[in-house]
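Hi there,

Here is the structure I said I would pass on. Have a look at it first, and then read my notes below.

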Amino acid sequence: MHLFNELTNYQAPSKEGYYGEFGGAYIPEMLYGNVETLKTQYLQIMEDPAFKEEVAALLKDYVGRPTPLFYAERLSKEIGTNIYLKREDLCHTGAHKINNTIGQIILAQRLGKKKIIAETGAGQHGVATATVCALKGMECVVYMGEKDIERQAPNVARMKMLGATVVPAASGSKTLKDATNEAIRAWINEPDETHYIIGSVVGPHPYPDMVARFQSVISEETRKQLKEKTGSELPTHVIACVGGGSNAAGAFYHFLNEPTVELVAVEAAGHGVNSGMSAATTQLGTTGILHGSKSIVMQTKDGQVVEPHSISAGLDYPGIGPLHAFLYESKRGTFMSATDEEALDWAFHISEIEGIIPALETAHAFSVLPKINFKPTDVVVVCLSGRGDKDLATYMQAMDLKK
Amino acid sequence: MSRLSELFKQQSQRVLNVYCTAGFPLLNSTLEVMESLQQNGANIIELGMPYSDPLADGEVIQSSGNIALANGMTIETLFEQLAHMRKTIHIPVVLMGYMNPILQYGFEQFCKKAKEVGVDGLILPDLPLYEFEHLYGTSIQQNGLDFVFLVTPETPEERLRKLDSLSTGFLYAVSSSATTGKDKDFSKVAIYLQKLQAMHLKNPVLVGFGIKDKETFDAVSAYSNGAIIGSAYIQALSKGGSIELVTSQFLKGVLN
């Protein structure tokens with residue numbers, strides 16, 4: 001039952017938001033008005049030159065874009081190929097998340113919204129949302145699982161310092177999945193003046209496409225930077241970690257329709273794909289509907305969504321964006337996974353040989369480098385989606401164990 | 001003629017649809033709750049299938065669903081429990097639930113089985129119009145099940161007419177855009193319901209969300225064919241005690 005069979009342009013879902021069989025807007029009627037407004041207006045607003053200019057100016061002067069594309073010499077030598085790091089970790093607030101929140105806050109202003117709500121897991125998207133709300137003087141409410149509030153205290157403090165209200169999600173498993181449920185419910189309960197900034201390429205159409213477009217600045221810059229450095233805009237490989245999949249969507253976006261570029265998505269295997277403690281959605285999930293779109297979902301045989309596990313809170317999500325589900329199903333993307341232990345090892349390794357402490361999420365992307373057969377002439381881009389400051393507690397624990 | 005059509009033919013005023021969660025308060029209390037509801041004056045039973053992530057529901061119904069899931073409720077178990085329900089249940093039964101568990105069970109199989117045990121219709125809040133028309137509506141209709149769409153005060157008229165034309169059984173008017181179990185401003189609700197009345201819709205209209213007692217039931221029944229009560233009844237059941245006693249007291253409070 002494919003609504004979108006003739007897919008030659010991976011950047012464009014169907015009018016109703018389908019990538020193959022994945023996507024759509026499986027939402028209750030109470031959200032219809034809000035989602036319909038977004039659906040009919042997002043492209044028009046995003047293509048307006050004045051809007052583009054406003055976003056570009058903020059990305060340049062406030063976020064610090066373009067982020068560098070850095071040739072990682074020691075890592076390249078070790079792996080036996082050419083590895084470039086797209087330095088999203090150097091963005092204001094420490095990760096790629098702000099590319100999306102900058103775009104959506106200006107879009108929310110254009111829609112006449114007064115208040116912003118958001119969900120967050122580890123707190124990175126919450127911080128990026130609270131940041132742009134402070135910048136634009138908008139009220140900000142962030143929903144965060146009770147459990148995550150306990151284990152991500154520094155980010156909770158950041159959000160509060162930025163003036164946001166952090167509301168604990170006490171339902172279900174009290175983590176990202178439930179924070180998302182609570183944010184959607186809050187949106188149902190006060191829709192008129194409120195915009196919901198989803199942090200990843202998930203949720204009902206048009207969110208997956210909209211967020212992918214705001215994150216696509218990553219690959220847009222990468223193409224230009226590669227041209228300068230290698231003479232060609234196209235790499236042979238782009239590697240990114242995937243939870244919901246926003247940094248991967250951004251890093252892949254302008255290469256989606258370039259069949260020579262291999263797109264490698266790295267999921268979190270947790271304690272191991274078959275350990276029962278994993279977040280490798282494409283390996284463990286089946287077709288399902290979560291948070292308003294049809295995709296691949298980790299669930300029981302009775303269709304109850306299960307709690308995933310990953311050492312990195314940003315990859316600890318039982319679903320995956322519909323674009324990625326389609327990249328997986330159509331085999332346009334190569335899906336790999338990395339365990340908690342591999343990610344930890346690589347976080348330390350990259351710190352030691354490149355002088356960059358990556359986020360735990362990003363460390364998953366590095367973990368697959370030795371598993372791929374690269375040629376010495378290959379050009380590999382790894383999306384360095386975030387910096388590791390927020391993971392210091394985990395890294396300190398790991399160092400104590402090594403002693 | 002379907003049981004729902006038959007009901008509305010005989011009774012066009014103050015039709016009371018009561019929601020209960022399958023497998024709540026106990027795994028095997030489903031039928032007992034349904035029988036009590038029928039016994040004490042409910043006209044329609046809306047039987048909720050518990051789900052881990054029920055977006056449209058407030059905390060009362062969600063927490064009853066969590067208890068039901070912990071009790072071991074599944075769609076498969078539910079159909080076993082309902083296999084002989086038509087020996088004792090004569091009023092219309094509508095299943096309410098979310099798409100994900102049904103997709104796992106198999107959508108076509110689900111519709112077939114629902115019809116087989118004597119279910120009359122479906123309410124699936126996260127099955128929208130477009131997907132109903134293009135993917136799933138045929139299975140529902142071919143199996144002779146009614147399908148009830150939700151409409152809200154924000155639903156534009158053209159869309160409302162379309163949702164009415166595709167619905168059978170009745171139309172579910174959400175009193176305001178909110179999740180279940182929230183208090184409402186009923187003067188606004190009255191204006192909305194009068195507007196619906198003036199549209200002369202094809203289907204009878206039942207009003208849900210925020211209906212919890214005699215006062216609110218009377219208020220919305222004045223401008224519609226009746227109402228749906230959910231959270232308030234679940235709350236009453238949560239307090240414990242004999243299901244029959246709780247149900248008879250609750251429904252007396254609403255109907256008398």
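**Where the two chains meet**

Across the interface of chain B and chain A, the rule finds 2 salt bridges, a salt bridge being a side-chain nitrogen of Lys or Arg within 4 Å of a carboxyl oxygen of Asp or Glu. A:Glu29 makes one with B:Arg159, and their closest N and O atoms are 2.8 Å apart.

Before you go on, some ground rules: this is a predicted model, where local features need pLDDT of at least 70 and side-chain atom pairs count only at pLDDT 80 or more, while totals for chains, interfaces and linings use all residues. Residues are numbered from 1 along each chain as its sequence is written, chains are lettered from A and ligands numbered from 1 in the order in which they are written, and side-chain values use heavy atoms, with hydrogens and water left out.

Back to the interface. The rule also finds 18 residue pairs in polar contact there, both residues being at pLDDT 80 or more. (A polar contact is a pair of N or O atoms within 3.5 Å; within protein, one must be able to donate a hydrogen and the other to accept it, and residues adjacent in sequence count only if both atoms are side-chain atoms.) On the side of chain B that touches chain A, α3 (59-71), α5 (99-105), α7 (129-142), β6 (150-151) and α8 (157-166) each supply at least two residues. Those labels are DSSP runs numbered from the N terminus: helices (H or I, at least four residues) and strands (E, at least two).

How many residues does each chain bring to the contact? Chain B brings 38 and chain A brings 36, where contact means heavy atoms within 4.5 Å. About 3,100 Å² is buried between the chains, and carbon and sulfur atoms give 54% of that. (Buried area is the accessible area, with a 1.4 Å probe, that two parts lose on being put together, summed over both.) B:Leu55, B:Gln104 and B:Leu135 supply 21% of the area that chain B buries against chain A, more than any other three residues.

**Aromatic rings**

The count comes to 19 aromatic pairs over all chains. Rings of Phe, Tyr and Trp (its six-membered ring) pair if their centres lie within 6.5 Å; planes under 30 degrees apart count as stacked, over 60 as edge-to-face and the rest as tilted. A:Tyr10 and A:Phe326 have ring centres 5.8 Å apart and planes at 40°, so this pair is tilted. They link distant parts of the chain, 316 residues apart: A:Tyr10 is in the segment before β1 (18-19) and A:Phe326 is in helix α13 (residues 322-329) of chain A.

Are these two buried or exposed? A:Tyr10 counts as buried at 15% relative accessibility, and A:Phe326 does too at 8%. (Buried means under 20% relative accessible area, exposed over 50%, partly exposed in between, with a 1.4 Å probe and protein chains only.)

Chain A also has an aromatic cluster, formed by A:Trp187, A:Tyr196 and A:Tyr207.

**Two residues to look up**

A:His237 sits in strand β9 (residues 237-241) of chain A and is buried, with a relative accessible area of 6%. Its side chain joins that of A:Thr236 in a polar contact of 2.8 Å.

B:Thr216 is in helix α10 (residues 214-221) of chain B and counts as buried at 6% relative accessibility. The side chain of B:Thr216 reaches the backbone nitrogen of B:Lys212 at 2.9 Å. Leaving aside neighbours within four places in sequence, B:Thr216 is in contact with B:Phe186, B:Gly210 and B:Ile211.

Cheers
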